[in-house]
Amino acid sequence: METFTVIGKQTINYVSKANRKVEGIKLYVTYDFPEKAEADGTACDSIFCKTEIAEGIEVGDIIEPVYNKYGSIVGINKA
């Protein structure tokens with residue numbers, strides 16, 4: 001599994017254009033480029049998950065997201 005370092009955390013709460021309520025947490029993370037990427041340094045990204053999944057995750061934690069077959073995060077393990 002790939003590990004990420006959490007560098008930021010944002011609460012998301014809005015109503016979409018389809019009039020659906022969207023609530024969750026956006027985690028801003030860094031990770032090492034994969035070897036096949038032919039790149040140097042550190043990559044960054046954001047990942048979205050339900051609020052209850054991100055409980056206990058703090059800035060500075062090293063995490064391993066657990067994905068379901070549809071690509072949604074269903075759990076987060078601290079590494």
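Modeller: Buried means under 20% relative accessible area, exposed over 50% and partly exposed in between, with a 1.4 Å probe and protein chains only. Phe4 counts as buried because its relative accessibility is 8%. A quick word on the source: this is a predicted model, where local features need pLDDT of at least 70, side-chain atom pairs count only at pLDDT 80 or more, and totals for chains, interfaces and linings use all residues. Residues are numbered from 1 along each chain as its sequence is written, and side-chain values use heavy atoms, with hydrogens and water left out.

Now for the rings. Rings of Phe, Tyr and Trp (its six-membered ring) pair if their centres lie within 6.5 Å; planes under 30 degrees apart are stacked, over 60 edge-to-face, the rest tilted. That rule gives one aromatic pair. Phe4 and Tyr31 make it, edge-to-face, at 5.3 Å centre to centre with 75° between the planes. Phe4 belongs to strand β1 (residues 4–15) and Tyr31 to strand β2 (residues 21–32), so the pair ties together parts 27 residues apart in sequence. Strands here are DSSP runs (E, at least two residues), numbered from the N terminus. Tyr31 is buried too, at 19% relative accessible area.

Phe4 also touches Asp61: setting aside neighbours within four places in sequence, Asp61 is in contact with Phe4, Thr5, Val6, Gly56 and Lys78 (contact means heavy atoms within 4.5 Å). Asp61 sits in the loop between β3 (42–49) and β4 (62–67), and is buried at 17% relative accessibility.

How values were computed: Helix = DSSP H or I, 4+ residues; strand = E, 2+ residues; numbered from the N terminus.
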